[in-house]
Amino acid sequence: MADAVSLFFPMFNEEANIRRAVTSALAALPAVATTFEVIVVNDGSRDSTAAIADSLAAADNRVRVVHHAVNRGYGAAVRSGFAAVQYPMAVLADGDNQFDLGELPRLFERIDRHDVVNGYRITRRDPLIRRLNAGAYNALARARCSVFP
């Protein structure tokens, strides 16, 4: 079990998912850490994600919110999340509830032997274009050629 863990969600227009994501994190984290926080990075959402995030933070002092005034993109939201963490161990989870946070103990079993552990979606529930982009990126990342030494 870790002493302290920060888990953060980059979110853009996730009003349908935010409550479940934060509730799942709050339920899962006690199994892996004695002290923890949940951070929502609201990346300029145009729906009620920001208001819901603020209400969740007001109801539980283990929840914090970082707001981007405008949508700056996933990469910027991830950077803001890492910048906001207070504890030495950080967990990044997408806010669309495609990850079962109940699986965190399985990842934490391996953290003592590795610098990074990485979970993945067994079945992606993304639109076709996102799955194609992810497949192309993964193929390039795995390629062994002179362009990507």
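Modeller: With the surface. This is a predicted model, and its accessible surface comes to about 9,200 Å². Carbon and sulfur atoms account for 53% of that area.

Biologist: What percentage of the residues count as buried?

Modeller: Of the 149 residues of the protein, 39%. Buried here means under 20% relative accessible area.

Biologist: How many helices and strands does the secondary structure have?

Modeller: Five helices and four strands. Along the sequence the pattern reads β-α-β-α-β-α-β-α-α. Contacts can be sorted by separation in sequence as well: taking those between residues at least 6 apart, 74% join residues at least 24 apart.

Biologist: In what order do the strands lie in the sheet?

Modeller: The order is β3-β2-β1-β4, in an open sheet with parallel pairing. β3 (63-68) and β4 (89-92) are the edge strands, each pairing on one side only. From one strand to the next, the twist averages 25 degrees.

Biologist: Which strands does α2 touch?

Modeller: α2 packs on the sheet and touches β1, β2 and β3. The direction of α2 makes about 155 degrees with that of β3.

Biologist: Is β2 mostly covered or mostly open?

Modeller: Mostly covered, with nine of its eleven residues buried. Take Phe36, which is in strand β2. Phe36 counts as buried because its relative accessibility is 9%, and the cut-off is under 20%. Leaving out residues up to four places away in sequence, Phe36 touches Val5, Leu26, Leu29, Pro30, Arg62 and Tyr87. Arg62 is 26 residues from Phe36 along the chain, yet their C-alpha atoms are separated by 6.9 Å.

Biologist: How should I read the nonpolar cores?

Modeller: Start with the general idea: in soluble globular proteins, nonpolar side chains tend to be buried together. In this model the largest nonpolar core has 27 residues, and those with the most contacts inside it are Phe9, Val22, Leu29 and Leu104. At least two residues each come from β1 (2-11), α1 (18-28), β2 (33-43), α2 (49-59) and α4 (104-108).

Biologist: Which element gives the most to this core?

Modeller: α1, with six residues. Apart from this core lies another of six residues, among them Phe8, Ile39, Val78 and Ala84.

Biologist: Which residues does Thr49 touch?

Modeller: With residues up to four places away in sequence set aside, Thr49 touches Met11, Asn13, Glu14, Glu15, Ile18 and Asn42.

Terms used:
Residues numbered from 1 in each chain as written. Predicted model: local features only at pLDDT ≥ 70, side-chain atom pairs only at ≥ 80, totals over all residues. Heavy atoms only, no water. Core = buried A, V, L, I, M, F, W, Y, C linked by side-chain atoms within 4.5 Å. Buried < 20%, exposed > 50% of the residue type's maximum accessible area, 1.4 Å probe, protein only. Pairing = 2+ DSSP bridges. Axes fitted to C-alpha atoms, helices over the stretch in contact; angles between N-to-C directions. Contact = heavy atoms within 4.5 Å. Areas by Shrake-Rupley, 256 points an atom, 1.4 Å probe, with all protein chains shown as cover.
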